[in-house]
Amino acid sequence: ERRRERIADVVHEAGTVVLDNLKSRGIDAEAIKLTVEAPENVTAEVARHQIVSAVAHVLKNSFESFEDNPGRPQITVRARLVPGDRVEIVVADNGSGIAADDLADIRQFRPGTSTKKNRGGTGFGLPTAHRYALAHGGGLAIESEEGCGTEVTITLPVEQEEIEE
């Protein structure tokens with residue numbers, strides 16, 4: 001069931017879920033600077049648990065991208081309205097990035113497929129996030145450059161759309 005939700009609340013909840021998960025696994029996420037830029041007035045009709053899950057999967061990947069890339073780790077989550085009555089949630093990091101050949105595979109969103117770098121990942125996070133975005137009439141796009149970081153954009157319609165699954 002979908003309800004009008006403030007995207008800032010959804011993003012903050014996803015962040016809490018990820019930080020709690022990392023902490024329970026003994027990973028110190030405090031060294032990574034997380035910045036959230038989500039205006040309080042941006043809303044969309046969503047199934048909250050699905051979009052929290054989608055953002056959490058993407059955010060978890062960003063945190064894990066720093067395992068082999070110390071330095072000045074930074075993740076920025078931005079939410080904003082874009083033309084066409086859409087909401088964009090962008091998760092950008094300056095982590096290890098993704099090699100071009102791995103990126104092409106990842107963009108297929110096949111469940112159970114993970115990159116060579118991914119230790120312990122199941123390969124279900126991004127396909128699940130992609131499926132949830134599509135189910136809402138939106139999408140998920142990934143841009144990355146190895147050694148420079150990754151940017152994942154989840155796009156959602158502001159108004160609920162009837163999508164057959």
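# Following helix H2 through the fold

Helices here are DSSP runs of H or I with at least four residues, strands are runs of E with at least two, and both are numbered from the N terminus. The axes of H2 and H4 (residues 125-135) come within 9 Å and cross at roughly 145°. Those axes are lines fitted to C-alpha atoms, for helices over the stretch in contact, and the angles run from 0 to 180 degrees between N-to-C directions. On the H2 side, the contact is made by Gln50, Ile51, Ser53, Ala54, His57, Val58 and Asn61. H4 brings Gly125, Leu126, Thr128, Ala129 and Tyr132 to the meeting. Contact means heavy atoms within 4.5 Å.

A quick word on what you're looking at: this is a predicted model, where local features need pLDDT of at least 70 and side-chain atom pairs count only at pLDDT 80 or more, while totals for chains, interfaces and linings use all residues. Residues are numbered from 1 along each chain as its sequence is written, and side-chain values use heavy atoms, with hydrogens and water left out.

Now zoom out. The chain has four helices and seven strands, and if you read along the sequence they follow the pattern β-α-β-β-α-β-β-α-α-β-β. Of the 165 residues in the chain, 48% are buried. Buried means under 20% relative accessible area, exposed means over 50%, and partly exposed is in between (1.4 Å probe, protein chains only). Among the contacts in the chain with a separation of 6 or more, 70% are between residues 24 or more positions apart.

Back to H4. This helix is mostly covered, with nine of its 11 residues buried. Among them are Leu126, Pro127, His130 and Tyr132. What do the buried residues of H4 pack against? Their partners are H2, helix H3 (100-106), S6 and S7. After H4 comes Gly137, with a positive phi near 85°.

H2 deserves a look of its own. It has 17 residues and reaches 24 Å from its first C-alpha to its last, close to the 24 Å expected at 1.5 Å a residue. That expected span is 1.5 Å times one less than the number of residues.

H2 has another helix partner, H1. The axes of H1 and H2 come within 8 Å and cross at roughly 50°, and they are therefore oblique to each other. (Angles under 35 degrees count as roughly parallel, over 145 as roughly antiparallel, 65 to 115 as roughly perpendicular, and the rest as oblique.) This crossing of H1 and H2 is right-handed. From H1, the residues making the contact include Val10, Glu13, Val17 and Leu22; from H2, they include Arg48, Ile51, Val55 and Phe63.

In the bridge between Arg48 and Glu13, the closest N and O atoms are 2.7 Å apart. This pair links distant parts of the chain, as Arg48 sits in helix H2 (residues 48-64) and Glu13 in helix H1 (residues 7-24), 35 residues apart. Arg48 is partly exposed at 25% relative accessible area, and Glu13 is partly exposed too, at 33%.

How many salt bridges are there by this rule? The count comes to 12. One of them joins Glu88 to Arg80, with the closest N and O atoms 3.0 Å apart. Glu88 counts as buried at 17% relative accessibility, whereas Arg80 is partly exposed at 45%. Glu1 and Arg3 form another, at 3.4 Å between the closest N and O atoms, and both residues are exposed. Arg4, Glu45 and Glu159 are joined in a network of salt bridges.

Finally, visit two loops. Gly71 sits between H2 and strand S4 (74-82) and is exposed, at 63% relative accessibility. Gly71 and Ile32 are 39 residues apart in sequence and 9.7 Å apart in space, C-alpha to C-alpha. Glu146 lies in the loop between strand S6 (139-145) and strand S7 (149-157), and is partly exposed at 47%. Between Glu146 and Gly95 there are 51 residues of separation in sequence and 8.7 Å in space, C-alpha to C-alpha.

Conventions: A salt bridge is a side-chain nitrogen of Lys or Arg within 4 Å of a carboxyl oxygen of Asp or Glu. A crossing is left-handed if the near helix is turned anticlockwise from the far one by less than a right angle, and right-handed if clockwise.
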